[in-house]
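I opened my notebook for this one and went through it piece by piece. Here is what I looked up.

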Amino acid sequence: MSTKLNVLDHAMVPDHKIMSEEEVSELLTLYNITTEQLPKIYNDDPAVKTIGAEVDDVIKVIRASHTAGRAEAFRLVIKRPKK
Amino acid sequence: MPSPKRIGRIQFGLLSPKEIREMSVRKIIWADTYDDDGFPYPQGLMDLNLGVIDPGLRCKTCDQKASECPGHFGHIELAKPVIHVGYTRLIRKLLRVTCRSCGRVLLSPDEIEKVVGTEDDQTGDILSEKDVKKERVCPHCGEQQLKINFEKPTTFSEVVVEDGKKVEHKLTPADIRARMEKIPNEDLIPLGINPDVARPEWTILTVLPVPPVTMRPSIILENGQRSEDDLTHKLVDIIRINQRFKENQDAGAPQLIIEDLWELLQYHVTTYLDNEVAGCPPARHRSGRPLKTLSQRLKGKDGRFRGSLSGKRVNFSSRTVISPDPNLSVSQVGVPRAVANEMTIPVRVTAYNIEELKQIVRTGPLRPDVNSPCGANYVIRPDNRRLRLGADNLDTVADMIEPGYMVERQLRDSDVVLFNRQPSLHRMSIMAHRVKVMEGRTFRLNPAVCPPYNADFDGDEMNMHVPQTEEARAEATILIAVQENILSPRFGGPIIGGIHDHVSGIFMLTHEVRWFRKDAALYLLRYSGIERMPEPGKVEDGVEYWSNKQVFSQILPDLNMVFKASSCQNCDVCKKLDCERDAYVRIIDGKLECGTIDKKAIGAFDGQIVNRIIRQQGMKRATQFIDDFTKLSIRSIMYDGFSFGIDDEDLSKTEYGQIDEVLKNAATDVDRRIRIYEDGQLEPMPGRTIEETLEMQIMQVLGKARDLTGQIAGRHLGLGNSAVVMAVSGARGSMLNLTQMAGCIGQQSVRGERIVRGYDDRTLPHFKKGDRGSDAHGFIQHSYKGGLNPTEFFFHAIGGREGLVDTAVRTSQSGYLQRRMINALQDLKVAYDGTVRSTGGKIIQFQYGEDNTDPTKSAFGDPVDVKGIVESILKEEC
């Protein structure tokens with residue numbers, strides 16, 4: 001029997017969440033940016049695949065931080081370019 | 001200034017012969033440059049249509065003067081085509097992947113699709129030589145393909161099989177060009193070539209552009225002779241051969257001669273483009289120096305990119321050797337008069353400063369001595385004419401001056417300058433100092449600012465830059481000044497502080513309790529700017545005495561803190577006030593109650609007191625404190641005197657006996673363990689072989705023995721020994737260094753193991769094969785003072801070399817690592833909303849450091865220094 005590894009269960013993998021459209025537009029107005037100016041993440045990233053995010057989704061990553069204890073980061077899912 | 005633009009696309013293409021002829025203003029046919037009258041030949045390499053370099057002449061193309069004419073290209077019609085060396089790899093690839101008869105790619109559409117992908121889902125790969133099988137038949141016309149050989153630098157040949165023998169058949173550039181012309185446009189796209197801008201036949205030159213004269217100016221030597229640029233020399237060669245080639249061709253010379261000339265032309269064009277091609281002797285100047293041709297202008301450290309665009313030489317800078325001067329403030333720099341007289345600051349003349357500036361102009365370019373007011377070197381009139389000041393025109397120019405003029409004034413005391421030492425690894429490598437003009441030929445600086453620059457005085461040189469505008473000076477004083485950079489953003493603590501003698505001196509002053517008479521106390525504090533002495537600590541027989549702690553307290557601001565000095569031994573239970581090492585430091589209301597001031601308190605990188613003063617009283621007070629304690633500590637080290645000599649490493653007979661005893665016991669212990677091992681009685685440690693276990697045990701025994709000799713030596717050497725003072729106070733060295741000098745140097749190691757390499761089963765022929773004893777594997781039982789025996793000396797050299805190699809490798813590796821990191825992080829900035837963004841406005845971090853805290857202003861990583869605040873209010877340790 002083979003169980004598929006869920007990367008999100010690993011201790012070193014932070015929480016990934018897909019943001020709703022309202023959340024995204026709120027985020028964009030907060031920082032006065034377009035989605036292009038967000039940091040990126042590839043669509044074939046194991047964590048992205050696990051939560052089922054699609055290209056152009058924005059993902060919220062909540063991770064432990066040395067300095068702040070808990071930090072939030074946002075990433076735009078993009079297609080991995082050809083070589 | 002124009003607004004920044006985003007680059008959407010960059011297109012690379014080849015210059016077509018048509019373009020070359022279109023941009024050319026003149027066809028060049030004369031190999032000579034100037035005639036006997038010094039006038040350029042028409043249609044020669046210095047033709048006036050190509051631009052002008054001599055002042056006074058006008059360009060025949062654009063009718064502008066030498067300074068305005070940008071120069072114009074000319075061209076040379078080559079007698080026969082030649083290969084461009086820069087494209088030989090592309091040519092080779094194209095010859096190998098296309099058909100020799102029909103010019104199509106040697107792959108069927110299906111095969112191409114396999115590599116490139118379908119039109120709407122391209123994998124991004126382009127066709128390469130490997131995708132085409134060797135010597136196959138063309139799928140389009142059925143022609144049998146031949147193997148193409150390429151010989152550096154520019155020879156291509158086909159391999160033909162004749163009578164079972166392989167014969168190489170040379171391809172001339174004309175043949176190759178004919179083949180390139182046959183390749184259809186649509187076949188070029190899967191090869192990664194855009195045929196609109198880069199037809200492959202353009203890699204074979206039929207016409208050569210001649211760069212403008214402005215790109216290859218001739219210089220006139222002192223004897224009036226003209227010396228031409230390397231490029232011009234090379235172009236002369238090309239034209240000469242080209243002309244000869246043409247003449248021979250027209251005269252119908254035999255094929256052999258034509259081929260020879262063709263090859264010669266190819267050689268000259270090749271070296272003109274790149275004079276460092278493999279398999280091609282570089283073209284040389286008459287003196288034997290290789291010519292610097294086109295590619296050499298761009299390549300390498302001094303090339304256009306790394307030498308002229310990424311880094312340039314600057315004006316208003318100077319460089320000389322540095323030397324120490326503890327009487328300067330850390331924020332000052334001593335500048336030699338010769339430098340100060342040469343470097344200037346432009347000052348605009350106004351109604352308010354006109355009298356002062358007139359006086360400055362009257363002083364002229366030579367300032368008589370360092371204390372006299374500064375002079376000026378140039379005066380700039382409102383029409384931008386520069387007047388050089390000399391002894392003869394000082395008064396005339398001074399009387400001329402009125403508002404609107406500019407005076408280039410010499411450097412004088414308290415001007416702001418930037419001071420720098422390479423390698424500039426962090427931002428503290430460039431700091432703004434205040435000028436102090438001094439006699440002598442070196443830059444002077446307070447030794448307390450050595451740590452941020454990583455400078456010493458064994459011949460180091462440093463650079464000084466003079467900011468020229470008010471904005472630059474304002475930035476320098478507010479952001480770059482030394483005071484603003486005492487705290488390092490690396491760990492949030494002071495990076496500027498006492499070193500070496502500062503630490504030894506302040507340690508000797510403040511250790512335990514000493515009493516000074518008035519004259520001694522005043523001697524110590526003379527340069528610290530103290531206005532009045534406190535009440536004496538005690539009066540004996542009518543003589544007033546001040547304690548050493550009182551003396552030190554004079555330079556302290558109002559302060560409360562408690563900490564442990566670096567001489568603290570970290571006892572299980574701190575004895576606090578009763579500490580026998582006087583390592584418990586307590587400062588109440590700016591008075592040193594007890595404890596020794598040493599590296600922990602004032603040293604660079606530690607500096608607890610300096611740190612606390614910055615937090616509570618600000619940078620300015622901290623700078624003053626650093627200035628005060630450097631002067632105080634230097635005075636106090638001079639008061640007692642401080643020296644170290646060979647006899648400071650002497651021990652008494654008892655100690656030498658004990659050390660011998662310890663080493664003898666260790667040797668027998670090692671031998672005993674070896675015997676146990678040889679008898680097969682040794683129990684291996686978990687996860688280790690028996691040999692490894694034995695090695696570890698031996699290392700342990702010998703390490704312990706060395707430490708023991710250190711303790712024996714330490715018993716004899718007390719605080720009366722200068723090396724002990726330096727080690728305990730943290731000024732320099734450690735007790736280990738002292739152990740090695742007086743006791744025993746100990747085990748030498750390579751990669752953490754005893755030395756094992758050398759001969760068969762032994763390190764040196766002096767030992768028996770298979771000897772595992774301590775002295776056969778690099779244990780040095782003598783001290784540096786006592787002297788090493790020959791085998792020990794050899795092992796010491798082995799161990800020492802490892803350290804040298806390690807440092808050399810580490811610096812080069814970390815240097816490259818840092819270069820890459822800086823390239824990745826440069827131009828990032830913290831925006832007003834706390835995000836870190838790139839120049840394109842892209843967000844890198846949503847909050848700076850995720851906690852929006854400046855590490856410089858944090859207390860060793862934490863945003864608020866709770867302990868420090870509580871301590872200063874309670875005046876107690878918490």
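I began with B:Asp761, which counts as exposed because 11 C-beta neighbours lie inside 10 Å. The cut-offs I used call a residue buried if 20 or more other C-beta atoms lie within 10 Å of its own, exposed if 12 or fewer, and partly exposed in between, with C-beta atoms placed from the backbone. B:Asp761 sits in the loop between strand S26 (753–754) and strand S27 (779–780) of chain B. Its phi is near 60°, a positive value in a residue other than glycine.

A note on what I am reading: this is a predicted model, in which local features need pLDDT of at least 70, side-chain atom pairs count only at pLDDT 80 or more, and totals for chains, interfaces and linings use all residues. Residues are numbered from 1 along each chain as its sequence is written, while chains are lettered from A and ligands numbered from 1 in the order in which they are written.

Next I checked confidence. Chain B averages a pLDDT of 88 (the predictor's confidence in each residue, from 0 to 100), and 99% of the residues score at least 70. For the complex, the predictor gives an ipTM of 0.91 and a pTM of 0.79.

Back to backbone angles. Most residues other than glycine have a negative phi, and most peptide bonds are trans. I noted B:Asn852 too, with a positive phi near 55°. B:Asn852 is in the loop between strand S30 (843–845) and helix H26 (866–874) of chain B; helices (H or I, at least four residues) and strands (E, at least two) are DSSP runs, numbered from the N terminus. With 14 other C-beta atoms within 10 Å, B:Asn852 is partly exposed.

Is the peptide bond from B:Gln422 to B:Pro423 cis or trans? I found it cis, with omega near -5°. B:Pro423 belongs to the loop between strand S14 (416–420) and strand S15 (430–438) of chain B, and B:His426 is found in the loop between S14 and S15 as well. B:His426 counts as partly exposed because it has 15 C-beta neighbours inside 10 Å. I also looked at B:His426 and B:Pro489: they are 63 residues apart in sequence and 9.6 Å apart in space, C-alpha to C-alpha.

Last, the contact between chains (C-beta atoms, placed from the backbone, within 7 Å). It takes 14 residues from chain A and 13 residues from chain B. Strand S4 (residues 69–78) of chain A gives the most to chain A's side, with four residues.

Notes
Two residues are in contact if their C-beta atoms, placed from the backbone, lie within 7 Å.
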